[in-house]
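Visitor: Hi, could you walk me through this one? I'd like to start with the words you'll be using.

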Amino acid sequence: MRSSGDGTAAGAPYPQQGSTADRTMRQSAVPAAVAGGGVASADDIGYRGPTACAAAGITYRQLDYWARTGLVEPSVRPAYGSGTQRLYSFRDVVLLKIVKRFLDTGVALQNIRTTVQHLRARGFQDLERMTLMSDGATVYECSSPAEVVDLLQGGQGVFGIAVGVVWRDVDAALSQLHGERVDTGETLIGHNPTDELARRRNRAV
């Protein structure tokens, strides 16, 4: 069990697209269909701001503020100026959702920032077993149910976030939304049942 809210966690750049850590995180994701046919692997997909907002459950204003202050920046493509679109990786969207959940429970922004730096530094490995616990002042990383129990018995954990659950929620949400192929800029069509129904209706007309 490690504390990530005491300011001691060192920040580090995200692993590059397609790294071992990123593949581990996205191994269960469903490839998106490329407009005109074919599929793209999960490592090749980026998501624009509105899509990231929809999957993370945040407003565009929050997304913009967090990017400008360096809390969660788009690792695929930053905004270079007027007319350019930020492009977020799957991992970025998971971070956005984690930040949103911590904010909703009243954790101070500085502690959230340290937690984000900690998650970046550790490379997002072993997500399925990770639970982030907080007492409102400090965020703790627990890698087993026993550590969660120990923390609760010590009176240090008031609430927790199972990162693996957040990962799966984001994966499910993004599979229904449009993405963008990083290397070519092609639109990637999400597997949204509503969209499929609309396409069938259009063919019937």
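Predicted model: local features only at pLDDT ≥ 70, side-chain atom pairs only at ≥ 80, totals over all residues.

Visitor: Okay, cysteines. Is Cys53 buried or exposed?

Guide: Cys53 is buried, with a relative accessible area of 6%. Cys142 is buried too, at 0%.

Visitor: Which residues of H2 are buried?

Guide: Gly49, Thr51, Ala52, Cys53, Ala55 and Ala56. H2 covers residues 49-56, and six of its eight residues are buried. Helices (H or I, at least four residues) and strands (E, at least two) are DSSP runs, numbered from the N terminus.

Visitor: What do they pack against?

Guide: The buried residues of H2 pack against strand S4 (45-48), helix H3 (60-68), strand S5 (87-88), H4 and H7. Contact means heavy atoms within 4.5 Å. Just after H2, Gly57 takes a positive phi of about 75°.

Visitor: You mentioned H4 and H7. At what angle do they pack?

Guide: About 120°, with the axes of H4 (residues 90-104) and H7 (residues 163-174) 9 Å apart. Axes are lines fitted to C-alpha atoms, for helices over the stretch in contact, and angles run from 0 to 180 degrees between N-to-C directions. H4 and H7 are therefore oblique to each other: under 35 degrees counts as roughly parallel, over 145 as roughly antiparallel, 65 to 115 as roughly perpendicular, and the rest as oblique.

Visitor: Which residues meet there?

Guide: On the H4 side, Phe90, Val93, Val94, Lys97, Ile98 and Arg101; on the H7 side, Val163, Val166, Trp167, Asp169, Val170, Asp171 and Leu174. By class, that contact of H4 with H7 has nine nonpolar, no polar and four charged residues. Ala, Val, Leu, Ile, Met, Phe, Trp, Tyr, Cys and Pro count as nonpolar, Asp, Glu, Lys and Arg as charged, and the others, Gly among them, as polar.

Visitor: And H4 with H5, how do their axes cross?

Guide: At roughly 150°, coming within 10 Å, with H5 spanning residues 109-122. H4 and H5 are therefore roughly antiparallel to each other. H4 contributes Leu95, Ile98, Val99, Phe102 and Leu103, while H5 contributes Leu109, Ile112, Thr115, Val116, Leu119 and Arg120. The class count for H4 with H5 is nine nonpolar, one polar and one charged.

Visitor: Switching topic: what does Ile161 touch?

Guide: Not counting residues up to four places away in sequence, Ile161 touches Ile98, Arg101, Phe102, Met130, Thr131, Leu132 and Val166. Ile161 is found in strand S8 (residues 159-162) and counts as buried at 5% relative accessibility.

Visitor: How far apart are Ile161 and Ile98?

Guide: They are 63 residues apart in sequence, and 7.7 Å apart in space, C-alpha to C-alpha.

Visitor: Last one: how many helices and strands are in the chain?

Guide: Eight helices and ten strands. Buried residues make up 43% of the 205 residues in the protein chain.

Key:
Residues numbered from 1 in each chain as written. Heavy atoms only, no water. Buried < 20%, exposed > 50% of the residue type's maximum accessible area, 1.4 Å probe, protein only.
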